[in-house]
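Have the sequence and the structure open beside you as you read.

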Amino acid sequence: MAPKGINEGIMSITISQITKIYGKQVVLDRVSFHIAKGEIVGLLGPNGAGKSTLMKILTCFIPPTSGEASIDGFDIAEHATEVRRRIGYLPENNPLYLDMYVKEYLSFIAGIHKLGKSSHLRVAEMIGLTGLGPEQNKLIGTLSKGYRQRVGLAQALIHNPDVLILDEPTSGLDPNQLLEIRNLIQTIGKEKTVMLSTHIMQEVEAICHRAIIIHEGKIVADDSTAHLSHFRTGVIITAEFDKPVETSSLLKIKGLSKAINTSGNVWHLHANAETDIRPNIFNFAVENGFTVLSLHREEQKLEEVFQQLTKK
């Protein structure tokens with residue numbers, strides 16, 4: 001479901017009933033979705049869910065067992081060359097020639113894409129966009145993980161593709177590098193269609209318009225990051241009382257499913273998302289001679305939604 005403001009009439013990526021089977025193992029099971037031009041979409045799932053396999057199919061590295069997919073209207077099976085021209089791909093392991101210099105490597109990639117006279121200009125543009133200026137004359141093998149990811153993004157973008165596919169682009173980065181790559185992807189996403197895979201919910205919340213959650217080869221959720229809240233099944237009420245209270249007493253509160261003492265007289269009270277039990281908590285306190293010092297209602301976190309949808 002494309003968020004409002006995205007041109008839903010132009011689909012950069014279309015996937016219909018894609019299935020991939022290795023031996024007896026079904027890695028992808030009839031996966032279907034569309035990504036509109038200009039969207040940044042997160043493909044989210046635990047390790048082994050089928051994310052990387054789907055990306056390899058879209059980038060024409062491996063064929064599907066069945067089903068169809070297209071990039072900018074070009075079928076991945078019938079027009080693989082055209083598809084590759086329109087895709088920039090950053091694989092999970094970011095294979096680079098470590099014994100080449102940054103600028104040298106990007107010039108080499110520009111040559112592969114036959115950019116001709118515009119190669120030097122395009123290389124300079126990518127170095128500027130990805131912040132590689134200070135590192136451009138260094139060997140790739142001497143760079144930090146964060147700068148290697150920048151080189152990977154630069155090579156994926158150098159031929160000016162319409163669609164960017166990124167497999168775990170922030171894996172293994174420290175907090176500063178993580179923020180830098182996130183900002184870079186958001187900048188790129190203003191002009192490109194971006195699909196990135198991750199198993200980190202916060203990553204999708206920080207970067208993406210929309211999340212597709214995949215588990216054991218099947219899509220279990222597909223919506224904007226804001227609307228994923230309808231998958232939430234519970235809330236936590238943080239309550240502080242003026243004196244100790246027994247768990248058994250709290251569990252008598254109507255609508256309460258679980259009570260966890262976090263420290264002192266502070267409790268996490270779990271309830272169904274559809275029921276506001278705060279009035280019941282106040283009534284319980286009055287009836288039993290307690291004073292409620294503080295009360296805070298917190299929606300179930302999206303990370304917990306992810307865990308709920310992908311648990312075995």
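Which residues in α3 meet which residues in α4? On the α3 side they are K103, L106, S107 and A110, and on the α4 side they are S119, V123 and I127, where contact means heavy atoms within 4.5 Å. By class, this contact has four nonpolar, two polar and one charged residues (Ala, Val, Leu, Ile, Met, Phe, Trp, Tyr, Cys and Pro count as nonpolar, Asp, Glu, Lys and Arg as charged, and the others, Gly among them, as polar).

Helix α3 covers residues 102-112 and helix α4 residues 119-129; their axes come within 9 Å and cross at roughly 130 degrees. That makes α3 oblique to α4. Helices here are DSSP runs of H or I with at least four residues, numbered from the N terminus. The axes are lines fitted to C-alpha atoms over the stretch in contact, with angles from 0 to 180 degrees between N-to-C directions. Angles under 35 degrees count as roughly parallel, over 145 as roughly antiparallel, 65 to 115 as roughly perpendicular and the rest as oblique.

## About the model

This is a predicted model, in which local features need pLDDT of at least 70 and side-chain atom pairs count only at pLDDT 80 or more, while totals for chains, interfaces and linings use all residues. Residues are numbered from 1 along each chain as its sequence is written, and side-chain values use heavy atoms, leaving out hydrogens and water.

## Salt bridges within a helix

Side chains of opposite charge can pair when their charged atoms come close. Counting a salt bridge as a side-chain nitrogen of Lys or Arg within 4 Å of a carboxyl oxygen of Asp or Glu, the total comes to 11.

In helix α2 (residues 80-86), R86 and E82 are four residues apart, or about one helical turn. Their closest N and O atoms are 2.6 Å apart. In helix α4, E125 and R122 are three residues apart, again about one turn, and their salt bridge has its closest N and O atoms at 3.1 Å. E125 is partly exposed at 44% relative accessibility, whereas R122 is buried at 14% (buried means under 20% relative accessible area, exposed over 50%, partly exposed in between, with a 1.4 Å probe and protein chains only).

R150 forms a salt bridge with E180, with 3.0 Å between the closest N and O atoms. R150 lies in helix α5 (residues 145-157) and E180 in helix α6 (residues 175-188), so this pair ties together parts that are 30 residues apart in sequence. R150 is buried at 11%, and E180 is partly exposed at 37%.

Finally, D29, R30 and K218 are linked in a network of salt bridges.

Methods
Helices (H or I, at least four residues) and strands (E, at least two) are DSSP runs, numbered from the N terminus.
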